[in-house]
Amino acid sequence: MAKELIVAIQIAKPDRAKALTGLTKHLKGVNLLQWPSNHAEKGAMSVKTIPDIIMIDDSPETGDLFTRLKTIKSHFPQVTLFVVSDSKDHQHIIAAMKAGASEFLVEPVLEEILHNAIDEVRAKLANAGRLAQGRIYSFISAKGGVGSTVLAVNTAAALSIDKKTAVALVDMSFQSGDASVLLDIVPQNTIMDICANMHRLDVSLLRGVMSGHSTGINFLSAPLNPEDSEDINSEHIASILNLTRKLYDHVVLDCGAMHINDCSVEAFKHSDKVFVVTDMSVPSIRNTVRLCKLIRKFGISLEKIEIIINRFIKGGALSLAEVEKNFDKPVYWLIPNDFSDIVSSINRGVPLIKLSPGSPFSKNVVEFIKKIQGILDDPDFRGVRGTFGKVI
Ligand SMILES: Nc1ncnc2c1ncn2[C@@H]1O[C@H](COP(=O)(O)OP(=O)(O)OP(=O)(O)O)[C@@H](O)[C@H]1O
Ligand SMILES: [Mg+2]
């Protein structure tokens with residue numbers, strides 16, 4: 001299934017074409033085509049690729065707008081048509097919509113309006129099964145402080161590093177969310193702004209509430225007051241995740257530690273993977289067993305649940321084999337102990353993957369994101385190598 005949205009720009013006026021290309025070309029997940037004047041009017045046989053969106057301009061030199069819209073719509077019935085015009089005349093706009101335009105963008109076209117219009121099409125196509133939906137990964141710690149936040153933040157940042165992949169990070173640690181601290185973000189809005197306006201949840205509300213970050217991640221913050229989290233229910237989570245996965249290639253959720261409620265269960269149901277983060281201490285291992293059992297009790301399949309051991313030290317008191325005996329499946333991934341690097345990243349509010357890409361932790365996370373995407377060179381590799389580079 002297609003992952004990219006194909007947008008054809010067929011704009012005759014050079015200034016207008018340049019401005020629209022500038023606004024669109026950096027959008028993640030968009031493949032931009034430049035079409036000459038009246039190209040679409042010649043029909044599907046004359047084009048190499050059928051786009052999802054065709055943007056045409058409304059100018060006298062390109063012919064009568066309404067005739068052109070009808071012609072293009074008859075050739076490309078599935079395509080969404082955007083018209084760019086300097087006219088604000090209501091009758092003209094209504095006539096264009098009747099002739100087949102889905103969006104009528106009045107110049108100067110604002111970036112936010114164009115992006116939201118494109119994202120609305122993306123969501124609609126994903127809904128109809130014509131565009132791939134993003135994958136959702138939940139991280140939950142088996143015990144407080146074992147690392148779900150550090151892992152969720154760095155996984156999201158690593159997935160976003162190519163600047164082409166659209167990644168959302170949602171702080172679902174509603175009682176004590178601190179992912180914003182690791183990103184050095186002071187959120188202007190939080191998930192509460194969505195929950196309070198659920199009836200009008202759409203692309204522009206979601207985008208408006210999320211905070212941008214220099215890593216390229218879009219971040220949805222937990223409530224600023226923990227007591228507000230009582231107003232968030234599983235239906236809210238379902239709606240938010242359903243829309244988010246239509247707009248992002250990857251959605252990473254920090255689900256906090258140990259505690260499970262209706263919201264986290266809903267998140268797990270939507271997730272492609274639920275990562276239970278633990279370390280090699282006896283209390284954490286015991287909690288991991290309990291937590292995995294509890295998650296399964298809520299109907300989440302064992303196939304989805306994966307155990308990650310954080311702060312793994314080779315030759316520790318307990319061997320990996322001894323630890324694994326307690327679990328229903330092998331450990332999915334091991335993350336090295338890298339305390340000083342992680343502490344300096346937390347203190348600076350810069351994800352370690354960005355602050356220090358060469359650190360042991362960062363190198364490990366780069367391999368981890370390959371593993372979750374099924375593109376790891378050695379599929380048996382679990383993050384840390386044993387003696388003579390052997391897979392552990
Ligand atoms: N791989 C690692 N190596 C060394 N230290 C680590 C590693 N991962 C996490 N830590 C340390 O553990 C601390 C807790 O991590 P983090 O905040 O991610 O845990 P958490 O499970 O989200 O905790 P909480 O229960 O507060 O939500 C970090 O501040 C960091 O000092
Ligand atoms: Mg946390």
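Visitor: Which residues does Asn-116 touch, not counting residues up to four places away in sequence?
Guide: The model is a predicted one. Asn-116 is found in helix H4, which covers residues 111–127. With neighbours up to four places away in sequence left out, the residues that Asn-116 touches are Val-203, Ser-204 and Arg-207.

Visitor: Is Asn-116 buried, partly exposed or exposed?
Guide: Around Asn-116 there are 18 other C-beta atoms within 10 Å. A residue counts as buried at 20 or more such atoms and as exposed at 12 or fewer. The count for Asn-116 therefore makes this residue partly exposed.

Visitor: How far apart in space are Asn-116 and Leu-243?
Guide: In sequence, Asn-116 and Leu-243 are 127 residues apart. In space, taken from C-alpha to C-alpha, the distance between Asn-116 and Leu-243 is 13 Å.

Visitor: How are H9 and H10 oriented to each other?
Guide: Helix H9 spans residues 234–247 and helix H10 spans residues 262–270. Their axes come within 8 Å and cross at roughly 30°. Angles under 35 degrees count as roughly parallel. H9 and H10 are therefore roughly parallel to each other.

Visitor: Which residues in H10 meet H9, and how does the contact divide by class?
Guide: From H9, the contact involves Ser-234, Ile-237, Ala-238 and Leu-241. These meet Asp-262, Cys-263, Glu-266, Ala-267 and His-270 in H10. By class, the contact of H9 with H10 has five nonpolar, two polar and two charged residues.

Visitor: What is the handedness of the crossing of H9 and H10?
Guide: The two axes cross at roughly 30°. The crossing of H9 and H10 is right-handed.

Visitor: Which element gives the largest share of the shell around ligand 1?
Guide: There are 22 residues around ligand 1, and Ser-141, Gly-144, Thr-149, Val-150 and Ala-257 come nearest. The elements giving two or more residues to this shell are helix H5 (148–160), strand S10 (250–257), strand S12 (305–312) and helix H13 (339–348). The largest share, four residues, comes from H13.

Visitor: What percentage of the residues in the protein chain is buried?
Guide: The protein chain has 15 helices and 13 strands, and its C-alpha trace spans about 80 × 50 × 40 Å along the principal axes. Of the contacts with a separation of 6 or more, 74% are between residues 24 or more positions apart. Among the 392 residues in the protein chain, the buried share is 43%.

Key:
Residues numbered from 1 in each chain as written. Chains lettered and ligands numbered in written order. Predicted model: local features only at pLDDT ≥ 70, side-chain atom pairs only at ≥ 80, totals over all residues. Near = placed C-beta within 6 Å. Axes fitted to C-alpha atoms, helices over the stretch in contact; angles between N-to-C directions. Parallel < 35°, antiparallel > 145°, perpendicular 65-115°, else oblique. Left-handed = near helix turned anticlockwise from the far one by under 90°. Contact = placed C-beta atoms within 7 Å. Nonpolar A, V, L, I, M, F, W, Y, C, P; charged D, E, K, R; others polar.
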